[in-house]
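Please read this note with the sequence and the model side by side. The points are numbered so that each can be checked in turn.

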Amino acid sequence: MQNRAEKIQSLISKLEGLIYQLNDLEEYEKQALEVVLQEQGYEELRGVSISLMECHVIDCIERNAISNTTALAKKLNITKGGISKITNRLIKKDMIEAYRLPDNQKEIYYRLKPLGKKVFALHETSHEDAVEAFKKIFDEYSQAELEFASRFLADITGAIHSEIITKTDVRNH
């Protein structure tokens, strides 16, 4: 039986492995999306690289009627600076466009262009497959295990978010 320190180290190692797998999954998703887009005749995307985070921003824009930088950052739990970089890349790739409301010329909002809508549809299918896979896993958990999993994920997400903010603050000063 492992002592507490060994168990904690083991969990950290597993978490690091998960992070590496998520990076691999992002690369796989990126390559799979590119293959599907080309197979379905979206030649305009040949050679265009699309990250998983760009897909998530496209998804968030499509699902929310009025999407500005602040709203996207809150919904996706990333910094406004990160959203600005991603939206600028998506504008250059002709997947989204920026616009202003007639009664509010200060705030910039985003909406999908036809190419962005194609990416959204493909990403949505991939997302639905992932949700089904996670449901199968969580169906095997007791109520107490689900509550623990929820707390664990919230704690890890919060720690990662805090680390990003800390590093962003250090870079900006």
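1. A term to begin with: a residue is buried when its relative accessible area is under 20%, exposed when over 50%, and partly exposed in between, with a 1.4 Å probe and protein chains only. The areas come from the Shrake-Rupley method with that 1.4 Å probe, and for residues only the protein chains shown count as cover.

2. The model is predicted, so to speak of local features a pLDDT of at least 70 is needed, and side-chain atom pairs count only at pLDDT 80 or more, while totals for chains, interfaces and linings use all residues. Residues are numbered from 1 along each chain as its sequence is written, and side-chain values use heavy atoms, with hydrogens and water left out.

3. Confidence is given as pLDDT, the predictor's confidence in each residue, from 0 to 100. The chain has a mean of 85, and 91% of its residues reach 70 or more. Helix α1 (residues 4–39) has the lowest confidence, with a mean of 80, and helix α4 (residues 80–92) the highest, at 95.

4. The chain has 6 helices and 3 strands. Both kinds are DSSP runs numbered from the N terminus: helices are H or I with at least four residues, strands E with at least two. Their order from the N terminus is α-α-β-α-α-β-β-α-α. Of the 173 residues, 22% count as buried.

5. The strands form an open antiparallel sheet in the order β1-β3-β2. The strands β1 (67–68) and β2 (96–101) are at the edges with a single partner each, so one side of each has no neighbour in the sheet. Two strands count as paired if DSSP finds at least two bridges between them; β1 and β3 (residues 104–112) are joined by 2 bridges. In one of the pairs, S67 has Y110 of β3 as its bridge partner. Y110 is buried, at 7% relative accessible area.

6. Which residues have the most contacts inside the largest nonpolar core? They are V57, I58, I61, L72, L90, M95 and V119, in a core of 21 residues. Helices α2 (52–63), α3 (69–76), α4 and α5 and strand β3 each supply at least two of its residues, and α2 gives the largest share, with 5. Such a core is a set of buried Ala, Val, Leu, Ile, Met, Phe, Trp, Tyr and Cys residues joined through side-chain atoms within 4.5 Å.

7. The structure has 9 salt bridges, each a side-chain nitrogen of Lys or Arg within 4 Å of a carboxyl oxygen of Asp or Glu. In one of them, E54 meets K93 at 2.9 Å, N to O. E54 is in helix α2 and K93 in the loop between α4 and β2, so the pair ties together parts 39 residues apart in sequence. E54 is buried, at 2%, whereas K93 is partly exposed, at 22%. E54, R89 and K93 are linked in a network of salt bridges.

8. K117 and E62 form another salt bridge, at 3.3 Å, N to O. K117 lies in helix α5 and E62 in helix α2, so this pair ties together parts 55 residues apart in sequence. K117 is partly exposed, with a relative accessible area of 42%, and E62 is partly exposed at 32%.
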